[in-house]
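Let's take a walk through this protein, starting with the whole fold and ending at a single residue. Have the viewer open as you read.

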Amino acid sequence: MLELEQLTRPNIWNLAPYSSARNEYAGREARVFLDANENPYNAPFNRYPDPLQLELKKAIEQAKGVPAENIFLGNGSDEAIDLPFRCFCRPGIDNVVAIEPTYGMYRVCADVNDVEYRPVLLDDDFQIKADKLLAACDANTKLIWLCSPNNPTGNCLRREEILKVIDTFQGIVILDEAYSDFSRERPLRHELLKHPNLVVLNTLSKAWASAAIRLGMAFASEDIIALFNKVKYPYNVNLLTQQQAQRILADRSDVERWVNMILQERSRTMEAFAQLPICQKVLPTDANFFLARVDDAQRTYDYLVDMGIIVRNRTRVQLCRDCLRITIGTRNENTELIGALRRYEP
């Protein structure tokens with residue numbers, strides 16, 4: 001990769017970050033806090049939270065196998081998606097390359113930051129070809145966006161192609177592993193230190209059943225993490241989120257049980273869905289959802305909405321015409337979905 005300074009926007013590289021009151025005495029003990037204009041009553045909610053979430057990062061280090069110094073925590077994965085654009089991409093000048101179809105927030109953040117977004121179509125098996133992605137790059141391409149398991153397709157991208165992109169591209173490769181807990185493949189976050197230009201995203205929203213607390217993660221080199229911490233808002237992860245995240249991370253047995261139940265239900269639901277008269281094809285998946293092609297996605301979707309059952313209609317997404325994306329719910333929810341579709345008369 002190029003030197004990080006060459007990849008970073010000059011104003012960001014030279015930025016003097018906001019110095020919060022809590023950062024200034026970091027590493028020393030304190031009993032009386034008269035520095036941050038806080039109200040002295042209603043503890044602990046009267047105090048600003050730890051701006052770098054140090055205790056929480058120790059818990060994530062144990063759960064995810066990534067050193068605390070290589071972890072950035074954000075207000076949902078959306079913050080971790082937005083920051084690379086803000087750090088590395090000059091508005092109106094630089095561009096990013098991404099697979100298509102994939103998670104829509106990558107394009108939204110590119111548009112918000114006035115950065116050209118170059119989608120590269122997956123093949124008929126929803127797989128990438130590294131050479132095709134690299135051919136879409138030029139001297140102003142700062143980021144390549146990958147998602148594995150991918151959303152909305154559900155499949156893992158071929159590891160050898162991912163690694164070829166990482167090892168060849170001179171900029172930053174961002175790999176979103178939000179759904180990796182549902183896959184048998186070893187997450188690439190465990191190989192992070194081999195790849196200084198790799199940023200891996202993860203979240204507590206999926207396998208950890210904590211979407212409401214909005215905690216996203218980025219794993220990267222210490223230098224990239226330092227850039228993210230320089231640009232982020234000072235107290236970006238609130239106290240309640242930090243506390244609940246530590247509670248859920250303290251007992252991983254629930255998460256393992258949830259994942260196992262979801263995987264069992266995934267197999268059962270996909271098998272039943274494949275037998276439906278309207279089903280043309282159920283696509284293989286490594287996530288907690290699957291993509292299925294049906295006779296008329298819009299009509300089927302409207303019917304399910306009328307029945308009070310909400311799935312995702314992906315028919316307007318490239319390569320996903322007449323496809324519905326089905327999240328795996330509880331056994332009763334999945335049974336209700338299949339039962340409703342068995343009664344459906346197109």
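What follows goes from overall shape to aromatic rings and then to one alanine.

First, the ground rules: this is a predicted model, where local features need pLDDT of at least 70, side-chain atom pairs count only at pLDDT 80 or more, and totals for chains, interfaces and linings use all residues. Residues are numbered from 1 along each chain as its sequence is written, and side-chain values use heavy atoms, with hydrogens and water left out.

The protein has 13 helices and eleven strands; these are DSSP runs numbered from the N terminus, with helices being H or I of at least four residues and strands E of at least two. Its radius of gyration is 22 Å, close to the 20 Å that the globule rule gives for 346 residues, so the protein is as compact as a globular protein of that length. (That radius is taken over C-alpha atoms, and the rule is 2.2 Å times the number of residues to the power 0.38.) Along the principal axes, the C-alpha trace spans about 70 × 50 × 30 Å.

How much of the protein counts as buried? Of the 346 residues, 52% do, where buried means under 20% relative accessible area, exposed over 50%, and partly exposed in between, using a 1.4 Å probe and protein chains only. As for contacts (heavy atoms within 4.5 Å), take those with a separation of 6 or more: residues 24 or more positions apart account for 70% of them.

Now for the rings. Rings of Phe, Tyr and Trp (its six-membered ring) pair if their centres lie within 6.5 Å; planes under 30 degrees apart count as stacked, over 60 as edge-to-face and the rest as tilted. That rule gives eight aromatic pairs. Y48 and Y235 have ring centres 4.6 Å apart and planes at 15°, so they are stacked. This pair links distant parts of the chain, 187 residues apart: Y48 sits in the loop between α3 (21-24) and α4 (54-64), Y235 in the loop between α9 (222-231) and α10 (239-250). Y48 is partly exposed at 40% relative accessibility, and Y235 is partly exposed at 23%. Elsewhere, F85, Y103, Y106 and W145 make up one aromatic cluster.

Finally, look at A220, in the loop between β7 (215-219) and α9. Is A220 buried or exposed? Its relative accessibility is 0%, so A220 counts as buried. Setting aside neighbours within four places in sequence, A220 is in contact with N70, L192, L198, V199 and I225. Between A220 and K58 there are 162 residues in sequence and 16 Å in space, C-alpha to C-alpha.
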